[in-house]
Amino acid sequence: MTTIHDIARISGYSASTVSRVLNRKNHVSKEAREAIQKAIEALDYVPSDIARDLSRGKTLNIGFVLPHTKHPFFTEILTGAINASFLTDYHLVILPSEYNESKEIEYLEQLRSNAFDGLIFTSHGLPLEKLAEYTKYGPIVCCEKPYDVPISAVYAEREIALTEAFHYLRKNAYQQIGFFLSRDEKISATSRETLSAYQKVFEAKPNKELIKTSVATYKEGYQAAKEWHKEGINLEVLFSNGDDIVAGARQFYVDHELPLPFLIGQENQLSSQLMAISTIDYQFLEIGKHAFNLIINWQELEKISVPSKFILR
């Protein structure tokens with residue numbers, strides 16, 4: 001493997017002079033620059049990206065941790081971050097986690113060893129407090145409201161739109177409301193915020209039999225609606241964690257010629273627009289963009305909230 005010492009030996013100049021030429025520094029004579037360039041071409045030398053990263057103190061790589069791509073929450077945030085990255089020299093490195101704590105520790109340790117210039121956690125299996133411990137090694141941004149945890153975050157101000165949606169349902173005397181959630185409220189901040197907003201408006205917790213977890217795709221939405229029907233549960237409202245997911249449930253009702261409950265999705269996707277399904281727009285593209293920019297323009301701990309909106313259709 002060719003090194004700058006080989007170039008120095010062939011060109012007749014010191015390794016430090018070769019380094020100045022490679023890094024386009026001044027204070028190198030024209031004669032020396034030409035001789036070193038000839039040696040570089042003769043040896044077909046290509047500078048090491050890793051060595052260059054070490055010399056400038058940056059990798060230009062941002063780690064993007066996401067548990068899966070089944071739910072648009074993650075893919076939309078990723079798209080927002082990618083769109084922002086096009087305007088920079090930085091690269092996004094996808095780090096799949098599946099909520100595996102060991103995997104997430106591995107990524108945090110890579111940040112500690114300077115493999116990344118920062119990490120964006122769309123969601124996590126580790127406690128938020130554990131992520132915060134690693135912020136001393138580099139920028140970490142999470143995509144949920146961190147409350148009192150000292151960690152930077154960009155998140156949807158969910159309570160605004162959730163409360164508005166539940167007030168609308170209560171005003172119209174809806175009572176039998178079913179929920180689709182990705183994860184149990186004990187481990188998901190998003191699920192906790194949803195059920196907390198319901199309790200705030202209805203002054204009671206929803207019936208456990210009306211909550212379906214591990215529902216994150218069109219197919220799973222269809223299956224969950226099927227299970228409720230088999231159990232003899234007739235919903236007045238189906239409050240889903242995604243437009244495509246609630247579209248799957250809707251298709252079950254249509255296929256079996258059953259009365260449609262009032263449907264509310266999330267993310268304001270094309271499916272809800274085409275089917276006139278009410279939804280909540282959390283502006284995930286904006287969250288991804290802000291999270292990326294927060295990493296590359298890192299100065300200090302910062303928390304950015306993005307407003308949400310209930311869209312009645």
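A residue is called buried under 20% relative accessible area, exposed over 50%, and partly exposed in between, with a 1.4 Å probe and protein chains only. The model is predicted, so local features need pLDDT of at least 70 and side-chain atom pairs count only at pLDDT 80 or more, while totals for chains, interfaces and linings use all residues. Residues are numbered from 1 along each chain as its sequence is written, and side-chain values use heavy atoms, with hydrogens and water left out.

**Exercise 1. Determine how the salt bridge of Glu157 is placed in the chain and how accessible its two residues are.**

Step 1. A salt bridge requires a side-chain nitrogen of Lys or Arg within 4 Å of a carboxyl oxygen of Asp or Glu. Glu157 meets this criterion with Lys145, the closest N and O atoms being 3.4 Å apart.

Step 2. Glu157 belongs to strand β5, whereas Lys145 sits in the loop between β4 (140-142) and β5, so the pair ties together parts that are 12 residues apart in sequence. Helices (H or I, at least four residues) and strands (E, at least two) are DSSP runs, numbered from the N terminus.

Step 3. Glu157 is buried, at a relative accessible area of 16%. Lys145, at 22%, is partly exposed.

**Exercise 2. Characterise the salt bridges Glu109 with Arg112 and Lys130 with Glu133.**

Step 1. In the pair Glu109 and Arg112, the closest N and O atoms are 3.5 Å apart. Both residues lie in helix α6 (residues 101-112), three residues apart, or about one turn of the helix. Glu109 is partly exposed at 30%, and Arg112 is partly exposed at 42%.

Step 2. For Lys130 and Glu133 the corresponding distance between the closest N and O atoms is 3.3 Å. Helix α7 (residues 128-133) holds both, again with a spacing of three residues, about one turn of the helix. Their relative accessible areas are 28% for Lys130 and 44% for Glu133.

Step 3. The whole structure contains 10 salt bridges. A network of salt bridges links Lys212, Glu227 and Glu231.

**Exercise 3. Describe the largest cavity and the composition of its lining.**

Step 1. On a 1 Å grid over the protein atoms alone, a cavity is a set of points where a 1.4 Å probe fits but cannot get out; lining residues have an atom within 4 Å of a point. Grid points are joined across faces, edges and corners, and volume is the space filled by probe spheres set on the points.

Step 2. One cavity of 30 Å³ or more is counted, and the largest cavity holds about 40 Å³.

Step 3. Its lining consists of Cys143, Glu144, Lys145, Tyr155, Ala156, Arg158, Ala189, Thr190 and Glu193. Two or more lining residues come from each of β5 (152-157) and α9 (189-202); α9 supplies the largest share, three residues.

Step 4. With Ala, Val, Leu, Ile, Met, Phe, Trp, Tyr, Cys and Pro taken as nonpolar, Asp, Glu, Lys and Arg as charged, and the others, Gly among them, as polar, the lining divides into four nonpolar, one polar and four charged residues.

Methods:
1 Å grid on protein atoms, 1.4 Å probe; cavity = no way out; pocket = protein on both sides within 12 Å on 5 of 7 lines; lining within 4 Å.
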